[in-house]
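Student: I would like to learn how to read strands, helices, single residues and pockets from a model. Can we work through one case?

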Amino acid sequence: MIVVIGGGPAGRLAAMRMARAGREVTVVERGAMGGQCLHHGCMVVCALADVARTLRYAGTLADLGVLDRPPRVSYPALMEEMGKIQATITRVLDGETEESGRVTISRGEGRLVGSTPFIDGKPVEAEAVLAATGSRPLVPQVEGRDLGGVVHAHTLRAWKDLPPRIAIIGGGVMAAEFAHIFHAFGSEVTILARSMFLKELDERLRKLALRELEGVKIEENACLLRIEGDRRAGGVVVGGKGGERAIPTDGVFLATGLAPNSEMIDGPRKGPLGEVVVDDRMQTSVPGVYAAGDLTGPPYLTPVARMEGLVAADNILGRERRMDYRCIPQSLTLMNEFAWCSAEDDGGPSAGVGSPSPAGPFSFWAVPKGRTGYSGIRIDPEDGRILSATLAAPGASIVTSYIAFLIRTGCTVQDFDDFIEVHPTTDGAFSLARYLDEWMRFRKK
């Protein structure tokens, strides 16, 4: 029997892969199948962002006189209905997992000591173990973190209604996404970033993201010192170049990163973040023990976790396979989807071009304010290989996923000569590829 500890994206897909190969698999899950992605992460952002976009889209139409008035959100009803849909998806995942073959879902606490897995404290014999216990919010150890009204992605339901004023602690993708959501819902939002906000984004995308976050107050180089209040948070104190200062708030949302759930994993070597160290076969330092997903550390992305789980499963099955981290697509969800991917920079020459994304589904009414988004690609000017793509538009994440795959397979702009797109579309990347193909031909004359 093979034991998988954790029923999130990495563990679940690995279990299904191994079961379909005829192996007996036990998945140990202390909560609900689907992991952080379904219950606290990606799908929660999808649900809330869908509503936020609807409100903003309706607001645009109301400003143009097309609608009489924009709708208002009922936060309690939103959270209740979202929970029902999450429960439905969980049931689907349970059935899908168990129907994939010889998979047993064991509800309980999983633990690993050396190469021996434990379920609720009882040792279990296993020919191989895959640890996929995920991650949890990294909570800053500051005074006041346990006050009422202080939440993170895992405790968001503690807010029975949306606070009028919200301070978001953090400067990355999660902080931006929840700021967009809470502001669209009607709250006054302040982002407190200890360094540059969205510093990992391409500068063009960052400027567009800041534009879409208009109305949100963003303070950079603001380090959280403490959260003040009696029983509930009433303000935060931050430090910076100007010294300490207090910012009043009714709620605090912590978007300060993730940490691997590795306390229940003993034996395999760990890194400085507590992450389980693996090689490119997802093998740990303990023979027969593999690890995948957020447990192994950044980038904390669901598609990466899934792929790591499949790589681990294949190697457990005796199929030699190595994890490839080249050109991983990433995204940020605001009114538009912001998505990007890039090959490793080898220091060689490059040429690029960018333009506003074309108007299309869900961006036609953005034309009056010039908010249809942006499309940009960069190529190797010698052979036309696509090196990177940056897009901001409805559906940008889907397009970028395929572009990342094409980059990994060595696709060139010349390959787009015979490309026929669906129309209308908000994707401007294919037309930029054609433009750069023509540019290269002209350049060689």
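**Reading the model**

Tutor: Start with a strand pair. Strand 21 and strand 24 run antiparallel and are joined by 6 bridges. Keep in mind that this is a predicted model.

Student: Which residue in strand 24 is the bridge partner of S342?

Tutor: S388 in strand 24 is the bridge partner of S342.

Student: With which strand does strand 20 pair in the antiparallel sense, and over how many bridges?

Tutor: Strand 20 pairs with strand 21 (residues 337–342), over 4 bridges. A hairpin of 3 residues links strand 20 to strand 21. Q330 stands opposite W340 in strand 21, and L332 has F338 in strand 21 as its bridge partner.

Student: What is the strand order of the antiparallel open sheet of 5 strands?

Tutor: The order is 20-21-24-23-22, and the pairing is antiparallel. Strand 20 (330–333) and strand 22 (351–355) are at the edges; each has a single partner strand, so one side of each lacks a neighbour in the sheet. From one strand to the next, the twist averages 10°.

Student: Which helices lie across these strands?

Tutor: Take them one by one. Helix 8 (residues 396–408) lies across strand 20, strand 21 and strand 24. Its angle to strand 21 is about 5°. Helix 9 (residues 429–444) lies across strand 22, strand 23 (374–379) and strand 24. Helix 9 runs at about 40° to strand 23.

Student: Where is R12, and which side chain does R12 join through a polar contact?

Tutor: R12 is in helix 1 (residues 9–20). Its side chain makes a polar contact of 3.1 Å with the side chain of T97. R12 is buried, at a relative accessible area of 9%. Beyond four places in sequence, R12 touches G6, G7, M33, L93, E96 and T97.

Student: What is the strand order in the open sheet with parallel pairing?

Tutor: Apply the earlier reading again. This open sheet has 5 strands in the order 3-2-1-7-19, with parallel pairing. Its edge strands are strand 3 (103–107) and strand 19 (289–291), and each pairs on one side only. The twist here averages 20° from one strand to the next. Strand 2 (residues 25–29) pairs with strand 3 in the parallel sense, over 5 bridges.

Student: Last topic: pockets. How is empty space found?

Tutor: A probe the size of a water molecule is rolled over the atoms, and this shows where empty space is left.

Student: How much space lies in the second largest pocket, and which residues lie nearest its centre?

Tutor: The second largest pocket holds about 820 Å³ of space. It is lined by 26 residues, and R53, R56, Y57, T60 and M335 lie nearest its centre. Now assign the lining to elements. Helix 3 (42–63) and helix 5 (173–184) are the elements that give two or more residues to this lining. Helix 3 gives the most, with 9 residues.

Definitions and conventions:
Residues numbered from 1 in each chain as written. Predicted model: local features only at pLDDT ≥ 70, side-chain atom pairs only at ≥ 80, totals over all residues. Heavy atoms only, no water. Buried < 20%, exposed > 50% of the residue type's maximum accessible area, 1.4 Å probe, protein only. Polar contact = N/O pair within 3.5 Å; in protein donor to acceptor, adjacent residues only side chain to side chain. Contact = heavy atoms within 4.5 Å. Pairing = 2+ DSSP bridges. Axes fitted to C-alpha atoms, helices over the stretch in contact; angles between N-to-C directions. 1 Å grid on protein atoms, 1.4 Å probe; cavity = no way out; pocket = protein on both sides within 12 Å on 5 of 7 lines; lining within 4 Å. Points joined across faces, edges and corners; volume = space filled by probe spheres on them.
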